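Please keep the structure in view while reading.

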Amino acid sequence: MFYKGEETVSPNVIRMVQRAGKAQEATPLQVSLEARAKLPTRFGAFDVVAFSNNRDRHEHAALVRGALQGAESVLVRLHSECLTGDAFGSLKCDCRDQLEHALKVIGQEEAGVVLYLRQEGRSIGLVNKIRAYALQDEGLDTVDANLALGLPDDARDYEVAAQMLQQLGVRSVRLMTNNPDKVRQLEKHGIEVVERVAHQLPANGHNVKYLQTKAARSGHLLDDEALLEDLDDA
Ligand SMILES: [Zn+2]
């Protein structure tokens with residue numbers, strides 16, 4: 001067996017995740033723009049915008065540059081919260097590098113948006129993510145660890161993100177992503193994606209397997225040769 005008994009997920013948690021999935025289908029989504037203020041950052045001057053919604057009860061944020069009302073081809077990054085990467089500098093994933101790179105690039109644009117979506121651990125939450133990390137310590141990859149816990153590999157939902165962009169007045173986007181599912185979901189929810197901008201950052205010895213798994217098993221568009229070259233260069 002790959003994992004110890006205490007690391008399995010309780011039936012209550014599984015029911016909670018299943019209920020959340022059902023509620024998602026039943027209730028029409030409402031997203032509200034609640035507050036907006038200036039936010040000078042080390043990456044440039046942004047406005048920070050805070051949203052509420054009736055679906056996941058999380059307070060999501062947008063970092064906005066320039067005038068977006070009616071704007072076309074806006075450079076956009078959808079970033080899902082990763083406490084271990086974004087705040088602690090974990091090397092197990094590429095989240096912080098991706099976030100910082102997006103802020104740097106968008107910080108140079110006349111208009112652009114980084115959405116910071118509070119869907120930790122590809123939306124399974126922090127506790128489950130750390131449980132999955134414990135299984136990875138025992139040799140499972142990032143997909144199998146989630147599946148061993150009875151959880152989806154990726155439960156992220158971008159309908160809230162699409163409505164946030166609509167409320168900001170964005171008409172169409174150039175989306176910084178390697179994940180075709182983000183492009184599909186945004187388009188399904190009414191945001192035109194005029195271009196996908198590749199968003200591959202240098203790999204390290206701790207995250208290369210994770211990145212290869214994302215490419216091989218989750219359909220992410222990553223250049224495998226470049227990943228290996230990064231390791232040679234390191
Ligand atoms: Zn991460």
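## Nonpolar cores

A nonpolar core is a set of buried Ala, Val, Leu, Ile, Met, Phe, Trp, Tyr and Cys residues joined through C-beta atoms within 7 Å. A residue counts as buried if 20 or more other C-beta atoms lie within 10 Å of its own, as exposed if 12 or fewer do, and as partly exposed in between, with C-beta atoms placed from the backbone. The model is a predicted one, in which local features need pLDDT of at least 70 and side-chain atom pairs count only at pLDDT 80 or more, while totals for chains, interfaces and linings use all residues. Residues are numbered from 1 along each chain as its sequence is written.

The largest nonpolar core has 34 residues, and those with the most contacts inside it include Ala 62, Val 113 and Met 164. Helix α7 (159–167) is one of the elements that supply at least two residues of this core, and α7 gives the most, with five. Helices (H or I, at least four residues) and strands (E, at least two) are DSSP runs, numbered from the N terminus.

## Helix α3

The buried residues of α3 are Gln 98, Leu 99, Ala 102, Leu 103 and Ile 106. They lie on the same side of α3 because they cover an arc of only 130 degrees around the axis, the arc being that of the directions from the helix axis to the C-beta atoms.

Ser 73 is found in the loop between β3 and β4, whereas Ser 123 is in helix α4.
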